Amino acid sequence: MSRHLPVLLAALSAVAHGQSAPPPPTLIVGKAELLNTLKTANLKPGDLFYLRTLGPWQQGDCTIPSHTTITGHVESLTSTTTRPAATILALRFSEIPCSGSTSALMTPLLVSIKAPDPDSSYNAGAPQTPTLSGIFPTQVNAGRTQAGPARQPNIPTGNTAGASQALDANEMNQLHDAPGKPMKTGEVRGYRGIALTLPGREGPAAKLSSEHRITLDRAAEFAFAYAPTPPPSPSPDTTPATAAPPVTTPAPATPPPPPPAEPAEIEDVCASSGCKQLAAVAQATSAHAIWTLPLAALGYQSRPQQRIAGLDHSASVHFLGDDQILLTFTRHVLLPRSSDKDAWAVNPRVVRAVLISRADGRVLRVNDWTVSDDIAPFVWGLSNGVVIAHVGHDLVRFGPGLTIQRRFRLPGPLLFLSASPSGNLLLVATVHEKHTEKEHAQIASFVGPDVPIDEEYDLTGLDAAFHVTGAKRVTVPPLRPALLQASIVRVQPGARPAHTTDWLLEENSWEGHSKPLAHFRSICPLQVQSFPGDLLFVQGCSPLEARTTWYRVLNARGATLFKGSGPYSDFIQQTESTDDGRLFAIASSHFNRPVDRTTPLLTGDFTNLTVTIYDSTTGKQFFAAHLPQGSAQEDTFSLAPSGSALAVLTSASLQLFPLPAATKK
């Protein structure tokens, strides 16, 4: 292995200069993107710059995950005085450890550069829905009372087939870059007048030369070959005088498995599934609240000019059991920064919790606590009136009267919390800082203040007693998934990627088995969530009817139970069902223009709110509350576990509505 690097360098150099060379080893080329612009006018020898890998790379037992930071430095920068004058920029890249190993190191060798494509729809930084095999067991034993030791997150290598291109000895001079014309070794595409000299016998540095100053744009794509870093050479008198060992050719990467077959039906048809059409517009009549609690008297400060994208998470309402209501909101007060370097409390928040009697709206208790970061929401309502809160560095499960029943120490800043419909499975995603404090500061200085720095993410599974069921670490920001009782549901592009209206709901079991669940057409990305009754709420945009959104309620088998539609100006904020699945509710706001969860808005733009409750047996409207004040919050209402009351939070008040008894069919 100690001879691989010089042999590979010699092969690259020979190919670049058209010389004959021994057959080179198989290369598996990985790609990375530049995190900020490089300009020779601003560079000097020794300057650092950074890239991140666009996909996982694997050769043999070495894996370099996606979003790995590659550190480069300017080895030299010279300008010739001969005619024509030339700028020569030599770049070298620091070694990268193989995933899960600190001893096996790989040297990145630059083999081509491509300017960013402004029309490309590929975004390597986009969040992904994680696979959860190994996180949750097939059956969760929720009856344990003794907490066992938490498992440490492992860093899986996964199947990296298809993430990088394997080049055999006869294809050494081409870097396949589908779609489009294949890249060649040593090519610089999109930058006129810049030439690339590959790493050669003099070392692993690559040289860029031009008659003018050199500028490489942010997101420029670098293709790398990776060579094992040779171990330290033994002393001369102990080195055996033998010929160089033959270079072995690794087996090409295993091709990825074919995508699962899609369902035959591409549209949901109520005639085939027996689903029911819900009324697009709620009835005009609305019941009156039995009590109203003004928020200002509790210390809530409305901020109508606050800018948000989608929905806010600064306030929420949840039933705590069936006879208590928990109102929480962020208090806008100054906080002293912690001097504890291990606290990872970068942007702490003060949260006020107000416990309220359902019977008469009387305040029973007021508690304040600090949330260690401001990434995610800080309170979640689960089935059976269970409430979980982010308190300090912990997840806390509250019982009646805000008594603490369970506590789980978070390993890092909380990214999201996702729960199964019954609340007995929890997926906790936290941020894992993968850089030292010095490295973090250097990268931040290079990429700029408004660009997030790539981290790693720990996914931890918990049962109802907050015991750890499994954990894994991923390198790409994960999306919050929709959990069912025995599987995860993910949104995937359809079988025809060019047709961006095709979307597939794919179900993955805890053992890693996948199957198609449902197929939809939508001109906007699908929004999917699960709720009690093992139901799924799917929302999209119609490609056939202009300026129309649609939604579906599916069961765990993918059958459509209900469907509805409305104009783009009706913004669905929240859906929820009772524990038995008998009732489900939809909260929406009406605007005078199209809006969705990516639209920049002011919290004061939400000037009205409608909560409509449907009977899941008949699909008929069961109850409707029309409120003249709006709410920009994602958790703006809560159903009592028994289905007997509805609590609604607006920008000015909390109101309680009694629900009529359901008619037995």
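Predicted model: local features only at pLDDT ≥ 70, side-chain atom pairs only at ≥ 80, totals over all residues.
Figure 1. A residue is called buried when its relative accessible area is under 20%. D394 has a relative accessibility of 8% and therefore counts as buried. The residue belongs to strand β27, which covers residues 394–399. The side chain of D394 makes a polar contact of 3.4 Å with the side chain of R409. R409 is also among the residues that D394 contacts beyond its neighbours within four places in sequence; the others are A389, R407, F408 and L410.

**Figure 2. The largest nonpolar core.** This core has 44 residues. The members that touch the most other members are L34, L51, F93, L208, L216, F222 and F224. Strand β17, residues 221–228, makes the greatest contribution to the core, with 5 residues.

**Figure 3. F222 and the aromatic cluster around it.** When neighbours within four places in sequence are left aside, F222 is in contact with G30, K31, A32, L34, L51, F93, L110, S112, I113 and L216. Of these contacts, L34, L51, F93 and L216 are also listed with F222 among the residues that touch the most other members of the largest nonpolar core. Ring pairs connect F222 with F49, W57, F93, F224 and Y226 in a cluster.

**Figure 4. The disulfide between C62 and C98.** The structure contains 2 disulfides, and one of them joins C62 to C98 with an S to S distance of 2.0 Å. C62 is in strand β5 (residues 62–64), whereas C98 is in the loop between β8 (96–97) and β9 (105–114), so the bond ties together parts that are 36 residues apart in sequence. The torsion about the S-S bond is about -100°, which makes this disulfide left-handed. C62 and C98 are both buried.

**Figure 5. The disulfide between C524 and C541.** The sulfur atoms of C524 and C541 are 2.1 Å apart. The torsion about their S-S bond is about 90°, so this disulfide is right-handed. C524 sits in the loop between β36 (514–521) and β37 (527–531), and C541 sits in strand β38 (residues 535–541); the pair therefore ties together parts that are 17 residues apart in sequence. C524 has a relative accessible area of 18% and is buried. C541 is buried as well, with a relative accessible area of 10%.

**Figure 6. The ring pair of Y300 and F329.** A search of the whole structure gives 18 aromatic pairs. In the pair of Y300 and F329, the ring centres are 5.4 Å apart and the planes are at 85°, so the pair is edge-to-face. Planes over 60 degrees apart count as edge-to-face. Y300 lies in the loop between β19 (291–294) and β20 (307–309), and F329 lies in strand β22 (residues 324–331), so the pair ties together parts that are 29 residues apart in sequence. Y300 counts as buried because its relative accessibility is 15%. F329 has a relative accessibility of 1% and also counts as buried.

**Figure 7. S514 in strand β36.** S514 counts as partly exposed, at 39% relative accessibility. Not counting residues up to four places away in sequence, S514 touches E506, E507 and N508. R490 is 24 residues from S514 along the chain, and the C-alpha atoms of the two are separated by 10.0 Å.

**Figure 8. Positive phi at A219 and N384.** A219 is not a glycine, yet its phi is positive, at about 75°. A219 lies in the loop between β16 (215–216) and β17. With a relative accessible area of 31%, A219 is partly exposed. N384, also a residue other than glycine, has a positive phi near 60°. N384 is placed in the loop between β25 (379–381) and β26 (387–391). Its relative accessible area is 54%, so N384 is exposed.

Conventions: Residues numbered from 1 in each chain as written. Heavy atoms only, no water. Helix = DSSP H or I, 4+ residues; strand = E, 2+ residues; numbered from the N terminus. Buried < 20%, exposed > 50% of the residue type's maximum accessible area, 1.4 Å probe, protein only. Polar contact = N/O pair within 3.5 Å; in protein donor to acceptor, adjacent residues only side chain to side chain. Contact = heavy atoms within 4.5 Å. Core = buried A, V, L, I, M, F, W, Y, C linked by side-chain atoms within 4.5 Å. Disulfide = S-S within 2.5 Å. Phe/Tyr/Trp six-rings, centres within 6.5 Å; stacked < 30°, edge-to-face > 60°.
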